[in-house]
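Hello,

Here is the structure for you to look through. My notes on the sheet and on the helix packing follow below it.

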Amino acid sequence: MMKTLRVELGENSYPIVVGGAILNRVGELLTSDAKSKKVLIVSDAFVKDQYMHVVHQSLEKYGFDVHTIEVPVGEESKSIAQFSRIQDSLVAHQLDRGSTLIALGGGVIGDLGGFSAAVYMRGISYVQMPTTLQAQVDASVGGKTAINHPKGKNLIGAFHQPKLVLIDVDTLKTLPQRDIRSGLIEVIKMGVIRDEPLFEMVEESLEAILNLEDTVLIEMISSACVNKAEVVAKDEKESGLRMVLNYGHTFGHALEAVTHYNRYRHGEAVSVGMNCAAQLAVNLRMFSETDFQRQRMLLNRAKLPLMFPPDLTPEAICDAMYLDKKTLSGKLRLILPTRIGEVVIRNDVDDQHVLEAISQCF
């Protein structure tokens, strides 16, 4: 079973292919549009051991000149140092403006590889080959690329759309269950912000999803990607509507920053952030207690965290939120739910209300 979707962005449009056994078809799928046969694959140590040989062989079969670079596993690799290493590799292997960078891995590799492609020679083509659930349903679609600054997540970045997204659900079978659960948060998030039927699908099929049943995975991932593609098509550069995709992320990014990006998976931090944003919405009488508990119950069933760790303080979380790139003129822009399937953007919530909601999530 394979599905092909499309992100409609005029001359920057591109397909998303979702299915099984996709990795060994990359050479075939890439060859028709390739301006140059020179390719650099960026991956991490785990992904390299699991999948690099399959992708490498497929590309060589179709005549590509393949080069590779490996970065350390983890969020710490979204750094100036690793970005510089990739630029050095692009130069050393003489990739030109017609060459392609392939980001083979999770969200870290997609962000780092995409940003590297965005600035090398003012922008070369890149292909997203996400191997984690979080990257498959969210990070690989939409063209956001970035690296981290010590003071904040994704502060250095660019919008640069991929030419192709290849999603192979078979890669999920090598992941620890913690990563599957963490990635699932982006699907739950999409259900809360704009697609109640998708939220219901996760509620009803959670066991099958966590058991990695192909049919439900392809359906769920495709639905999430359709939602993401529709939002991106309407607001490519995040000037308005696209900001709703950040539901839970302002709180979550603050949690990641104050724990130095090494305690939580991204999805785990966003789960805490969604719970806190929903608590704030309840306090502001925007969100019903019933829907709040419905979200909490699903996050809890998925064994995702809901509360901030006790060794932090509400003030530390709040201070870190102001370093998030979604602040505007010193005001927090918060995505708050009004019901399952709908959120609004607020920039008028005072710090006292924000601190109170954070405190309730300790």
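**Sheet and helix packing**

Valine 17 has leucine 166 in E9 as its bridge partner. The bridge belongs to the pairing of strand E2 (residues 14-19) with strand E9 (residues 164-168), which run parallel and are joined by 4 bridges. Strands count as paired if DSSP finds at least two bridges between them. Helices (H or I, at least four residues) and strands (E, at least two) are DSSP runs, numbered from the N terminus.

This is a predicted model: local features need pLDDT of at least 70, side-chain atom pairs count only at pLDDT 80 or more, and totals for chains, interfaces and linings use all residues. Residues are numbered from 1 along each chain as its sequence is written, and side-chain values use heavy atoms, without hydrogens and water.

The open sheet has 7 strands in the order E1-E2-E9-E6-E5-E3-E4, with mixed pairing. Strand E1 (2-7) and strand E4 (65-71) are the edges, each pairing on one side only.

Helix H2 (residues 45-61) lies across strand E3 (38-44), E4, strand E5 (100-105) and strand E6 (125-130), at about 160° to E3. Angles run from 0 to 180 degrees between N-to-C directions; axes are lines fitted to C-alpha atoms, for helices over the stretch in contact. Contact means heavy atoms within 4.5 Å.

Helix H6 (residues 177-194) packs with helix H11 (residues 289-301) at about 160°, their axes 11 Å apart. H6 is therefore roughly antiparallel to H11 (angles over 145 degrees count as such). Arg181, Ile185, Ile188 and Val192 in H6 meet Gln295, Leu298, Leu299 and Arg301 in H11.

Best wishes

Notes:
Parallel < 35°, antiparallel > 145°, perpendicular 65-115°, else oblique.
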